[in-house]
Amino acid sequence: MDKSIARIVPAGPVNRIDPDHANRMIVAPEDFAAISPFLVLVEDWVRAPAGFPTHPHRGTQTVTFVLD
């Protein structure tokens, strides 16, 4: 399978969810064939000791990279 870069799009704006959590869309779920193998890529910032409440991710694979 040959793939080439058709365009480069800047990341979306930062969304403030609450004082301890912000995120922005890096790869939006628009054209799955064009962005494969990604479905969605979101960058999150969570202030310690905050975190995410328990929630299901049915039918998806969640990968988390903790940088700090």
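I began with strand S2 (residues 21-27) and found six bridges joining S2 to strand S3 (residues 41-46), the two running antiparallel. I took strands (E, at least two residues) and helices (H or I, at least four) as DSSP runs numbered from the N terminus, and I counted two strands as paired if DSSP finds at least two bridges between them. The model is predicted: local features need pLDDT of at least 70 and side-chain atom pairs pLDDT 80 or more, while totals for chains, interfaces and linings use all residues. Residues are numbered from 1 along each chain as its sequence is written, and side-chain values use heavy atoms, without hydrogens and water.

I then looked up the pairing of S2 with strand S1 (residues 15-18), which is antiparallel with three bridges. S1 and S2 form a hairpin with two residues between them.

Which residues does alanine 22 face? I noted arginine 16 as its bridge partner and tryptophan 45 in S3 as the residue opposite.

Next I turned to the second largest pocket, which holds about 600 Å³ of space. A pocket is an open set of points on a 1 Å grid over the protein atoms alone, where a 1.4 Å probe fits, with protein on both sides within 12 Å along at least five of seven lines; lining residues have an atom within 4 Å of a point. Of its 21 lining residues, Arg7, Val9, Val27, Ala34 and Ile35 are the closest to the centre. S2 and helix H1 (32-35) are the elements giving two or more residues to this lining, and S2 gives the most, with three.

How values were computed:
Grid points are joined across faces, edges and corners, and a volume is the space filled by probe spheres set on the points.
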